[in-house]
Amino acid sequence: MSAEVTLLGVRHHGPGSARAVAAALERLRPDAVLIEGPPEADPIIGLAGEKDMVPPVALLAHAVDDPARAAFWPYAEFSPEWVAIRYGVERELPVRFIDLPAAYGFAVTEEADPGPDEAVPGDPIALLAEAAGHDDPERWWEDVIEHRTPGADEFAPFAAVAEAMTALREEGVGERRRDELREAYMRQQIRAARRAGHRRIAVVCGAFHVPALAAMPTVAHDRALLAGLPKKVRTDITWVPWTYRRLSRLTGYGAGIASPGWYHHLFAASGDPLPKWLARAAELLRAEDHPVSSAHVIEAVRLARTLAVMRGRPLAGLTETLDAVRSVMCDGSDVALELVRDRLVIGDALGTVPDAAPAVPLQRDLSRLQRSLRLKPDVEPRDLDLDLRKENDAARSRLLHRLRLLGVEWGVPVRSAVHSTGTFRESWRLCWQPEFAVRIAEAAQWGTTVEDAAVGKAVGTARAAVELAELTGLVETCLLAGLGGALPAVMRVLADCAALDTDVAHLAGALPALVRALRYGDVRGTDNGALAEAATGLADRICVGLPPACTGLDAAGATAMRGHLDEVHGAIGLLEPADAPDASGDLADRWAAALRSLARREPTGGPATGVPGLLRGRAVRLLLDDGRLGSEEAGRRMGLVLSVANAPADAAGWVEGFLTGGGALLLHDPRLLGLLDAWLTAVPAEVFTDVLPLLRRTFSALEAGVRTTVGSRVAAGPLDAAAAPAGTDGALLDQARADAALPTLALLLGLPGGLPRIPLQAAGRDT
């Protein structure tokens with residue numbers, strides 16, 4: 001007795017196809033189920049029947065020697081293949097995957113893109129829709145397949161689709177070399193099922209493959225096709241959680257769908273799905289404070305059905321439903337409608353897989369840590385504030401930093417909503433992505449636990465690093481992640497690299513990360529001895545080499561060096577004598593001496609012979625802010641720079657460096673504002689246009705209140721800093737109004753003769 005093979009051609013992730021497969025399997029009652037998919041998954045296909053296996057899920061296959069070469073086979077509850085898997089597993093039937101093994105797929109090179117003169121195979125669904133007179137393939141397929149319920153003949157839809165695909169393949173539509181190999185292998189597996197003695201075999205595959213599987217060629221023909229396959233690549237495969245967002249076409253998945261949330265509703269809802277879905281949309285909008293009532297739901301149902309009739313559709317599809325939601329519930333707003341699209345049309349469902357699913361040891365260790373630290377993976381972004389003084393929060397922080405080092409960006413540091421300058425607080429934004437499973441498999445080469453893998457990755461990264469800043473950033477990461485096992489090796493590489501690097505810019509870029517890492521020691525309990533020694537050594541080398549390194553820089557180089565100057569200044573300010581006991585507390589003095597040397601190096605024989613004004617002005621400002629330079633001396637230096645003997649462009653750069661970071665000192669010391677005003681009014685007209693962009697950039701960076709006050713003082717009249725009375729900010733006083741107050745003041749002081757009249761304009765600053 002020959003075996004009966006029933007081919008059920010489907011479209012991946014189609015609710016109508018899934019319902020049709022379920023009805024056909026109930027009618028057929030096969031004794032074996034063959035499904036298009038990777039045969040490597042046959043040993044774990046039984047896990048689909050576990051209660052902890054909740055779709056959406058995916059099969060993940062990757063090359064053992066190169067985990068980055070990976071492939072996914074996602075399944076949702078409404079996927080026809082998933083329906084067939086569950087049918088067979090629940091009835092304890094043989095269920096096999098029959099597609100070309102992933103081991104071959106990783107070895108087969110991708111087909112070259114067709115040239116400009118070569119024909120590109122057409123989309124079968126689009127061609128069928130065009131033949132039926134429809135301009136939208138998706139809408140046509142929904143009307144004829146996905147919105148249909150199984151009729152009296154459960155096999156009629158599959159026969160119709162097979163006939164259509166046969167006609168297309170006779171015209172050579174969509175055929176590729178890789179499809180020929182896959183279909184040859186599938187035919188081989190069907191023959192194997194026959195030889196195993198199965199009498200009723202159900203084959204669930206893509207509709208496009210049905211004609212090739214129905215017309216069985218000779219065994220020799222298929223063997224000849226498969227003879228050219230390359231050598232298999234050693235492959236591992238497992239089940240991983242998936243999401244509806246990753247299933248959507250927006251993520252680039254080739255067999256994805258634009259509306260997985262909508263398709264799930266079509267599959268799960270009994271009866272008319274439209275009212276239930278619109279009720280869910282109303283509930284969502286009400287939760288977001290949109291005024292939506294039951295009357296809106298009733299009217300939206302009516303409108304969607306009317307639109308379907310007007311457009312000649314058997315049922316209201318997603319297009320009609322969303323049009324009704326926009327018009328009735330959202331008052332025509334696309335903003336509110338986008339919320340419905342995001343939450344209901346696509347959805348945020350995240351599947352789960354049982355613990356028995358195969359996994360690399362690193363993944364198992366991560367799962368253990370997630371449970372013990374109560375950090376549940378979730379596709380919905382959420383913020384997490386950590387207090388590093390608490391043991392559990394500190395462990396969470398170490399885990400997230402270690403995963404970032406391994407390339408698993410589950411958590412991303414963000415600015416906390418709680419304003420705090422302490423180093424004991426961290427804020428993260430967590431969002432789990434299914435593709436992290438691939439990155440974990442890649443990271444498994446470094447170790448079997450998260451800590452061991454992070455240590456191995458840190459040491460490997462250090463040995464491959466070429467930039468000093470990269471190494472100091474890695475040291476900071478090691479301290480944040482609590483990787484004491486990696487620090488000695490990383491510090492050795494850092495010391496060697498720092499000893500050979502003579503570029504002050506590189507040293508300046510590396511120091512802040514080391515100093516930041518020193519600040520974490522008190523909270524995290526790390527040993528900072530070697531780190532403090534390295535930071536102090538870098539700081540000393542910067543102090544010595546800074547003035548020569550700043551000489552002769554162009555505009556771009558001076559701007560970059562100014563950023564380094566500010567960062568190093570802040571870093572040295574954070575270095576305490578306890579951090580550098582051998583420095584005897586004089587590191588700050590050496591840095592101040594370097595700044596003084598920088599401020600004195602004026603160009604004498606052209607711009608290439610001195611330090612740019614931007615850096616000299618910045619050095620003066622940093623010394624002034626630290627109290628190592630008096631305001632009188634700062635004013636004297638500004639007066640010298642703004643004299644007619646200096647080039648206006650260099651003077652403008654000096655002003656920019658001096659005022660960057662805060663211009664309030666112009667308000668506290670009117671003499672500085674007077675000097676600046678006098679210089680600016682004396683700039684020759686022929687060079688004023690060159691100086692103006694620098695000044696505009698300088699003043700645009702000041703605080704809005706400072707700009708307003710400076711503008712009002714300049715508008716009030718000439719600024720004479722030397723003659724302006726104290727407290728007047730240079731403005732002239734009304735003599736008559738001042739004289740009117742003298743009798744009252746004399747009475748209060750008990751002076752019977754009154755007070756003598758003093759001309760205010762001659763009183764001076766100490767009046």
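Me: Hi! Which side chain does R182 meet in a salt bridge?
Reply: R182 pairs with D99, at 2.9 Å, N to O. A salt bridge here is a side-chain nitrogen of Lys or Arg within 4 Å of a carboxyl oxygen of Asp or Glu. This is a predicted model, where local features need pLDDT of at least 70, side-chain atom pairs count only at pLDDT 80 or more, and totals for chains, interfaces and linings use all residues. Residues are numbered from 1 along each chain as its sequence is written, and side-chain values use heavy atoms, with hydrogens and water left out.

Me: Where do R182 and D99 lie?
Reply: R182 is in helix α7 (residues 177–195), while D99 is in the loop between β5 (95–97) and α3 (102–105), so the pair ties together parts that are 83 residues apart in sequence. Helices (H or I, at least four residues) and strands (E, at least two) are DSSP runs, numbered from the N terminus.

Me: Are R182 and D99 buried or exposed?
Reply: Both R182 and D99 are buried. Buried means under 20% relative accessible area, exposed over 50%, and partly exposed in between (1.4 Å probe, protein chains only).

Me: What about D65 and R234, buried or exposed?
Reply: D65 and R234 are both exposed. Their side chains also form a salt bridge, at 3.4 Å, N to O. The two residues are 169 apart, with D65 in the loop between β3 and β4 (70–75) and R234 in the loop between α9 (219–226) and β7 (235–241).

Me: How many salt bridges are there in the whole structure?
Reply: The search finds 36. Another one of them joins R562 and E656, at 3.7 Å, N to O. That pair links helix α25 (residues 555–574) with helix α29 (residues 648–659), 94 residues apart. R562 counts as buried at 18% relative accessibility, and E656 does too, at 7%. There is also a network in which shared partners join R311, R313, E320, D323, R326 and D334.

Me: Changing topic: how many disulfides does the search find?
Reply: Zero, across the whole structure. A disulfide would be a pair of cysteine sulfur atoms within 2.5 Å. As for cysteines, C205 is buried at 0% relative accessible area, and C431 is buried at 18%.

Me: Last one, the backbone. Which peptide bond is cis?
Reply: The bond from P55 to P56 is cis, with omega near 10°. P56 sits in the loop between β2 (32–35) and β3 (57–63).

Me: And what is phi of H13?
Reply: Phi is near 60° there, a positive value in a residue other than glycine. H13 is buried, at 2% relative accessible area.
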